[in-house]
Amino acid sequence: MSETTMRAAVCVRAGGPEVLEIGERPIPRVRPGWSLVRVRGAGVNRSELRTRQGHSPAVRFPRVLGIECVGDVAASTDPGLPEGTTVAAVMGGMGREFDGGYAEFALLPNTLLMPIRTTLPWHVLAALPETYLTAHGALATSGVLSAGRQARLLIRGGTSSVGMAAISLAAAEGIDTVTTTRRPAKVSALIAAGADHVLADDGGSLAEAVQAIWPGGPDYVLDLVGARTAVDSLRLVRRGGTVCVAGSLSGWLIPDFEPIAMIPSGTVLTAFHSDECVGSTAVLQRIVDSVEAGVLPPNIDQVVALDDIAAAHRRMENDEAAGKLVMLP
């Protein structure tokens, strides 16, 4: 490889989108246990927005953000990952403990690299790993996927990229799904993703609207809004049902949370974190195959260039996106 420098979006300090600065950096050198990936695409995620805002206290700036990427191996230290192998990587410290996917190259631990067979274009493949693996993991953890067509699923925060992936996964399984949005203009995108019903979420309780569809309430709630809505979700789900919190659109902490008083007897409150997605090669391959077959949609909102990464952050920060924002370096 003749190149010695690469372009990257560097978060120089905590702050607004303007702290993402485009510049030249040396291409990292491989070291034992790590391989160099030529980044062909990277999803843009809300956790990166929160890191950029300064809500990840362990992160030290300057840092190349990006908790996921797809690309091909440019220099390998693993015989099982020869140069040219198409790979995806998610989490495991990317964009936090070490530089991530907002660059033309990324030096990544071999343990994070998931080899993938695909004919999908890079921008479509880049839309899938973090989003679909998180959605699949959350639905599996809560028991929705094993319940199948008998399940009634409420997804709060449906127009997030994970929300739309969860809608599409549920629709592919024939699961009756209700989802929410704060913006009427996004209803059509949710229906296209596979939602059976869409409810307006004005910040109040959804009890009346949900019970009009399911008088007994949903069996499962996938709550991607998080702190602001988790307690209300526990009230909405049927007694003995399951609430899975897998997003933090409204922050990390539930104020004044009293588990004994707020979790109805027999109801399950669980969570899923995308760190659990590390090394989920087989699951991601099935998702990629389903997208290739037209069973699952990629749910892409916009594709942007590296130079436009700050604009992508603004779009996400203003809640304008419906689906996945993808960056091609």
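A residue counts as buried under 20% relative accessible area, as exposed over 50%, and as partly exposed in between. P28 has a relative accessible area of 26%, so it is partly exposed. These classes are used below for a model that is predicted.

The secondary structure of the protein consists of 11 helices and 16 strands. The radius of gyration is 20 Å, close to the 20 Å that the globule rule gives for 329 residues, so the protein is as compact as a globular protein of that length. The C-alpha trace spans about 65 × 40 × 35 Å along its principal axes. Of the 329 residues, 53% are buried. Contacts between residues at least 6 apart in sequence were also examined; 70% of them join residues at least 24 apart. The accessible surface is about 13,600 Å². Carbon and sulfur atoms hold 51% of that surface. Charged side chains number 28 positive and 34 negative. The centres of these two sets lie 2 Å apart.

P28 sits in the loop between β2 (20–26) and β3. Beyond its neighbours within four places in sequence, P28 is in contact with M6, L36 and L107. T270 is 242 residues from P28 in sequence. In space, the C-alpha atoms of P28 and T270 are 39 Å apart.

Helix α1 was examined next. Six of its residues, S47, E48, L49, R50, T51 and R52, are buried. That is 6 of the 8 residues of α1, so the helix is largely enclosed by the rest of the structure. Cover for the buried residues of α1 includes the strands β1 (5–11), β2, β3 and β5 (68–75). Helix α11 (309–317) is also among the covering elements.

R52 belongs to this helix, which covers residues 46–53. The relative accessibility of R52 is 0%, so R52 counts as buried. Just after α1, G54 takes a positive phi of about 100°.

A search of the whole structure finds 1 aromatic pair. The ring centres of W34 and F98 are 5.1 Å apart and the ring planes stand at 80°, so the pair is edge-to-face. W34 lies in strand β3 (residues 34–44), and F98 in the loop between β6 (86–90) and β7 (105–109), so the pair ties together parts that are 64 residues apart in sequence. Both partners fall under the burial cut-off. W34 counts as buried because its relative accessibility is 16%. F98 counts as buried because its relative accessibility is 13%.

Most residues other than glycine have a negative phi, and most peptide bonds are trans. A cis peptide bond joins F61 and P62, with omega about 0°. P62 lies in the loop between α1 and β4 (63–64).

D256 is not a glycine, yet its phi is positive, at about 55°. The loop that holds D256 runs between β13 (242–245) and α9 (259–262). D256 has a relative accessible area of 67%, so it is exposed.

N299 is a residue other than glycine with a positive phi, near 55°. N299 is found in the loop between α10 (281–292) and β15 (300–305). The relative accessible area of N299 is 12%, so N299 is buried.

K186 lies in the loop between β10 (176–181) and α6 (187–193). K186 is buried, because its relative accessible area is 9%. T159 is 27 residues from K186 in sequence. The C-alpha atoms of K186 and T159 are 7.1 Å apart in space. T159 is also among the contacts of K186 when neighbours within four places in sequence are left aside.

Methods
Residues are numbered from 1 along each chain as its sequence is written. Side-chain values use heavy atoms; hydrogens and water are left out. Helices (H or I, at least four residues) and strands (E, at least two) are DSSP runs, numbered from the N terminus. The radius of gyration is taken over C-alpha atoms; the globule rule is 2.2 Å times the number of residues to the power 0.38. Buried means under 20% relative accessible area, exposed over 50%, partly exposed in between (1.4 Å probe, protein chains only). Contact means heavy atoms within 4.5 Å. Accessible areas come from the Shrake-Rupley method with a 1.4 Å probe; for residues, only the protein chains shown count as cover. Lys and Arg count as positive and Asp and Glu as negative; His and the chain ends are not counted. The place of a charge is taken as NZ of Lys, CZ of Arg, CG of Asp or CD of Glu. Rings of Phe, Tyr and Trp (its six-membered ring) pair if their centres lie within 6.5 Å; planes under 30 degrees apart count as stacked, over 60 as edge-to-face and the rest as tilted.
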